Amino acid sequence: MIATILMRNCAKIIGLLLGCVLSVSSYAQIKGEVQALHTVKFRWMIERNLDSLSLLLHPKLQYIHSNGWIESRDEVLDNIRSGKLIYRQVDIKSTSVHQRGKNAIVKGEGTFHVTLDGKDLSIPLSYEENYLKSRKGWQLIYRKSQRISTQ
């Protein structure tokens, strides 16, 4: 009887441990997937790959720049298409990804080399991006950045 109880408890413990291992593996996979999308997004912005960007950007996107300028999904795409905002280079210094359910938050720092209305700028920023898992996959739904002091 004691052996039966021990066997049942061992089976439960093994099941719990296996569930934990699978959850950690899934979490690592999601973090890697979101990190990869986050990184490739900047390349697509630089290359003006609007087809790929349009799939990544959620229809309800709110994209807030460090100067307070707020863009919707369509405005982001239109401003890249028209050359109003040209991403020349993005140097990422650090990022971290935190996932919970259907949301993943990327926090990062980097220097953004852009041309805005014909004026070249290099802006050190910290930023936060929120990705939402939809039926279309992970999509960027919110981004906010702020200038980092270089003093």
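Which residues touch the most other members of the largest nonpolar core? In this predicted model, they are V34, M45, Y87, F112 and Y131, in a core of 30 residues. At least two residues of this core come from each of α1, α2 (50-56), β1 (57-64), α3 (73-82), β3 (85-100), β4, β5 and β6 (137-147). The largest share, 7 residues, is supplied by α1.

**Aromatic pairs**

A pair of aromatic rings is described by the distance of the centres and the angle of the planes.

| Pair | Distance of centres | Angle of planes | Geometry |
|---|---|---|---|
| F42 and F112 | 5.5 Å | 75° | edge-to-face |
| F42 and Y127 | 6.1 Å | 80° | edge-to-face |

The angle of 75° between F42 and F112 is over 60 degrees, so this pair counts as edge-to-face. Because F42 lies in helix α1 (residues 2-47) and F112 in strand β4 (residues 103-116), their pair ties together parts that are 70 residues apart in sequence. Both of these residues, F42 and F112, are buried.

The planes of F42 and Y127 are at 80°, so that pair is edge-to-face as well. It links distant parts of the chain, with F42 in helix α1 and Y127 in strand β5 (residues 119-134), 85 residues apart. F42 has a relative accessibility of 4% and therefore counts as buried, the limit being under 20%. Y127 is buried, its relative accessible area being 4%.

F42, F112 and Y127 form one aromatic cluster. The ring of F42 also has a charged group over it: the charged end of K41 sits 3.7 Å from the ring centre.

**Surroundings of Y87**

Y87 is one of the core residues that touch the most other members. With neighbours within four places in sequence left aside, Y87 is in contact with M45, I46, Y63, H65, I80, F112, H113 and V114. Of these, M45 and F112 are also named among the core residues that touch the most other members.

**The sheet**

How many strands form the open sheet, and in what order? There are 6 strands, arranged as β2-β1-β6-β5-β4-β3, and the pairing is mixed. β2 (70-71) and β3 are the edge strands, each pairing on one side only. Strand β3 pairs with β4 in the antiparallel sense over 14 bridges. The bridge partner of Q89 is H113, in β4. Helix α3 packs on the sheet and touches β1, β2 and β3, its direction making about 75° with that of β1.

Key:
Residues are numbered from 1 along each chain as its sequence is written. This is a predicted model: local features need pLDDT of at least 70, side-chain atom pairs count only at pLDDT 80 or more; totals for chains, interfaces and linings use all residues. Side-chain values use heavy atoms; hydrogens and water are left out. Rings of Phe, Tyr and Trp (its six-membered ring) pair if their centres lie within 6.5 Å; planes under 30 degrees apart count as stacked, over 60 as edge-to-face and the rest as tilted. Helices (H or I, at least four residues) and strands (E, at least two) are DSSP runs, numbered from the N terminus. Buried means under 20% relative accessible area, exposed over 50%, partly exposed in between (1.4 Å probe, protein chains only). A charge sits over a ring if NZ of Lys or CZ of Arg is within 6 Å of the ring centre and within 35 degrees of the ring normal. A nonpolar core is a set of buried Ala, Val, Leu, Ile, Met, Phe, Trp, Tyr and Cys residues joined through side-chain atoms within 4.5 Å. Contact means heavy atoms within 4.5 Å. Two strands pair if DSSP finds at least two bridges between them. Axes are lines fitted to C-alpha atoms, for helices over the stretch in contact, and angles run from 0 to 180 degrees between N-to-C directions.
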